[in-house]
Amino acid sequence: MSTLPVFRWHLAPDGYATRRQLRARDLRPGGQDVAAQLERPRRRGRPPLVAYLYRVDLAKPVRPMTPGRWRAHAAMMRARRTCPECGRDAGYVIPPTLGSCVTCAFPEEQRAA
């Protein structure tokens, strides 16, 4: 097993990028393994923050959204906005901590208003 090259924060050489940096260039890792990592030291004995780097020359273009993918995305978002108790579209993504829309989660506060 080979070890990854480790660079300090802000000192990675050109040709490497994080997933977010690749995405900003409309690229994706495209199945390549992590090529290196960045480490940002922290205080008080805490472990360093780590960011994985990929080679830009091996990155592939982001796949375009097809009409079918847009439909699937819209259906997924609709399901996340639909309250399981009242069945209405809440207009926002229902928090998993509540499990239902605010109106159903706190009915006594809605009546008082």
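Modeller: A nonpolar core is a set of buried Ala, Val, Leu, Ile, Met, Phe, Trp, Tyr and Cys residues joined through side-chain atoms within 4.5 Å. Buried means under 20% relative accessible area, exposed over 50%, and partly exposed in between (1.4 Å probe, protein chains only). The model is predicted: local features need pLDDT of at least 70, side-chain atom pairs count only at pLDDT 80 or more, and totals for chains, interfaces and linings use all residues. Residues are numbered from 1 along each chain as its sequence is written, and side-chain values use heavy atoms, with hydrogens and water left out.

Colleague: What makes up the largest nonpolar core?

Modeller: Six residues form the largest nonpolar core: Ala17, Leu22, Leu27, Tyr54, Val56 and Ala59. Contact means heavy atoms within 4.5 Å; beyond its neighbours within four places in sequence, Val56 is in contact with Gly15, Tyr16, Ala17, Leu22, Arg25 and Leu27. A second, separate core has five residues, including Phe7, Ala36, Leu38 and Ala51.

Colleague: Why is Ser100 called buried?

Modeller: The relative accessibility of Ser100 is 1%, and the limit for buried is under 20%; Ser100 therefore counts as buried. Leaving out residues up to four places away in sequence, Ser100 touches Cys83, Pro84, Glu85, Ile94 and Ala105.

Colleague: What is the order of the strands in the open sheet, and which are the edge strands?

Modeller: Two strands pair if DSSP finds at least two bridges between them. The four strands run in the order β1-β4-β5-β2, with mixed pairing. The edge strands are β1 (6-8) and β2 (16-17), since each pairs on one side only. How do we know that β2 and β5 pair? Two bridges join β2 to β5 (residues 49-55) in the antiparallel sense, and Ala17 stands opposite Tyr54 in β5.

Colleague: What classes of residue line the largest pocket?

Modeller: The lining has eight nonpolar, three polar and one charged residues, where Ala, Val, Leu, Ile, Met, Phe, Trp, Tyr, Cys and Pro count as nonpolar, Asp, Glu, Lys and Arg as charged, and the others, Gly among them, as polar. Among the lining residues are Trp9, Tyr16, Arg25 and Leu53. A pocket here is an open set of points on a 1 Å grid over the protein atoms alone, where a 1.4 Å probe fits, with protein on both sides within 12 Å along at least five of seven lines; lining residues have an atom within 4 Å of a point.
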